[in-house]
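Reader: Hello! Could you walk me through how some helices in this model are arranged?

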Amino acid sequence: MSITNILLTSSCVASSLALRLMSYIFLRWIPGHVFPDGIFTAFAVYLASFGALYFTKPKYEVLSKQSEIKLVEPDTPTPPHVEVFNVDGDGKETTSLLEPEKPIAIEATETIITRKKYPNKLKSLLLGTPEPNSKSMTWINLLLNTLLVLFTADLTYRSEMFHPASDLSFARTGYVSETTAKILIREPDASKLPLFVYHRIEPEDSDLQYPWIQSPPITSLTPTTDYALPVELHSLHPDTRYSYKTSNNHTGTFYTAPAKLNLLDRAYGETARKTKFTFLTSSCIKARFPYNPFHHPLHMMGFRILGELLQKKVLIPDFMLFLGDFIYIDVPKRPSKKTSIVEGYRQHYRQVYASPDWKPVSTSLPWLHVIDDHEIANDWSSNNTGIYSYAMEPFFVYQHSVNPPAPRPGVTYYTFNHGTASFFLMDSRRYRSDNWAPDGPSKTMLGEPQKTDLISWLRKDEPGIQWKILVSSVPFTKNWRFGSEDTWAGYLHERRVILEEMWKVGAEGRGGVVVLSGDRHEFGATAFPPPPDSPAYEHKQAATVHEFSCSPLSQFYLPKRTYVQTDDEDVLIKYIPDGNSKFGAVEVDSTNAAGEQAVLKYRLFVDGKEVWDWVVTADMSRRRIRGKWKGKGKRRADRGFGSKSGMNGKLRVMLSRCTAVTRCFRRSGNGLCFF
């Protein structure tokens, strides 16, 4: 084989293997933004070397060569003798005969034995090289690599070019409290205006038909808010199932939050409502990944899996806590420069809500959101500079507007109570110091106002609250060793300050603390016991904080194991890295008969199957009530109520029984809710 053919073959094989490897990683493993350009470049090199090699590659192979050289006399007649006359010195003449030289012929022959080259089919398929003697193999190899390039282009550009979802019309439920519910509506068709939203009690086990209640009409939807607007429903009853419908044909159901602990409960000595509820938690979604050419361009595998579980009532959650990366603006590529920056972000939100798999996971499930980096840019730590304002505009419209209330005007972190749990949803992007800044007192992930509000929330002893649930878009543990500077591992000084406040909650008998996080595309459960130098060490078991970090809901997972415990500060409970769809179902249970133990159960679902669960308990027997310890077996009689004997005691018992019956009616929907 000539040097040219060797070079062409090497180029063809190298570009083919590179193209296939990058395509596999991109389509099935990690849809990184570097891969499309690499795949297209490799294909260009492959086409050029493939074509040149096809026309220059030998079609035959040499089996053997033989060379033979012979000296032969020709068959021509011999010329006659030549008579030569010589004269000597005496003048005599003499004669002699000279024989002529015989001609000699050199005969050289080379014998080359060849045969037609037949390709090694397996080798040819693996390397992707052309085969001049097999057109079928040549076309198969070319078609295979061409398909990989087309699949890459399909995943990269098809949704942006053909599914911008500009005509999307939808409605979804956001935050639901005891008496209010937020509904987000988008309707770009002006002919549908004005829009009306109707709601009513929707009992599950009764044939009662409650009247529809109409909210004020929506008369205008403008491009400024991408034709979307929140609507808030008021005067709802706690712990009750409601349905809503809109005049542009969208429907949904939701449960209002359980009632708060009232004065009667507290007077009777109760420290928490007897409730049990479930909510879901996960993060990270990307349409059509892992890639399947037969799926809809906006297909979400994780939505489909979750939707099937909801439809079968395997889970009946009150809401979904989504912990960031609802869109991936930079994966696999940012929108085309022909699209404005804001419109690019808006389009990504619309495409998620336009997914054919969205409706089954939203019709009866409210969604609450925190923001993470891919809603802005990968590993974002530049505060509100650069593209931040462009990224946040659609986040405010589609997520923030129907989120729980913010503790301060204009901030993007949230707090709310639901049943016996209090939630703090952190913003880990807007206020953080640079990821690569040296750790210390001046480095912060939260910013001073948010940290102040968080510490105040942890210190607050609220009646009826047994759990403090802190929500972080990035892992709280430092045990993830890949990209750790983007997690709390890069902010350990501030983390220790927060942990000290968390440990106090359990040490003082005010309940348990749980952290929920996402981002890593893996699952990890971690315990944070107070160290010996902490004031909470005396109550180590009660003070221990637990974290459940779970993702993705619909994305890739890392084949490399990145969670490693190196000390006793962050203690591994469970690590499950595999699975393209993971979410946690958190059950908060305060139905313990004695009311002295709060229970939180975490159930992990991977690719639609429950694979692990863990129970965390909090000792409530030392709960403070208005400055006094609630001891075992004791009830506190507040002013205005006497002992169980006498009229006041009888009235208290009667009212408490009525309250219990009313709660039952509220949940089932049988009867009117009167307070």
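Author: Gladly, and we begin with a term: axes are lines fitted to C-alpha atoms, for helices over the stretch in contact, with angles from 0 to 180 degrees between N-to-C directions. Helices (H or I, at least four residues) and strands (E, at least two) are DSSP runs, numbered from the N terminus. This is a predicted model, in which local features need pLDDT of at least 70 and side-chain atom pairs count only at pLDDT 80 or more, while totals for chains, interfaces and linings use all residues. Residues are numbered from 1 along each chain as its sequence is written, and side-chain values use heavy atoms, leaving out hydrogens and water.

Reader: At what angle do helix 1 and helix 4 pack?

Author: The contact (heavy atoms within 4.5 Å) includes Leu19 and Phe26 of helix 1 and Leu148 and Leu155 of helix 4. The two axes lie 10 Å apart, and the angle is about 35 degrees.

Reader: Is helix 1 roughly parallel or antiparallel to helix 2?

Author: Their axes are 8 Å apart and the angle is about 150 degrees. Angles under 35 degrees count as roughly parallel, over 145 as roughly antiparallel, 65 to 115 as roughly perpendicular and the rest as oblique. Helix 1 and helix 2 are therefore roughly antiparallel.
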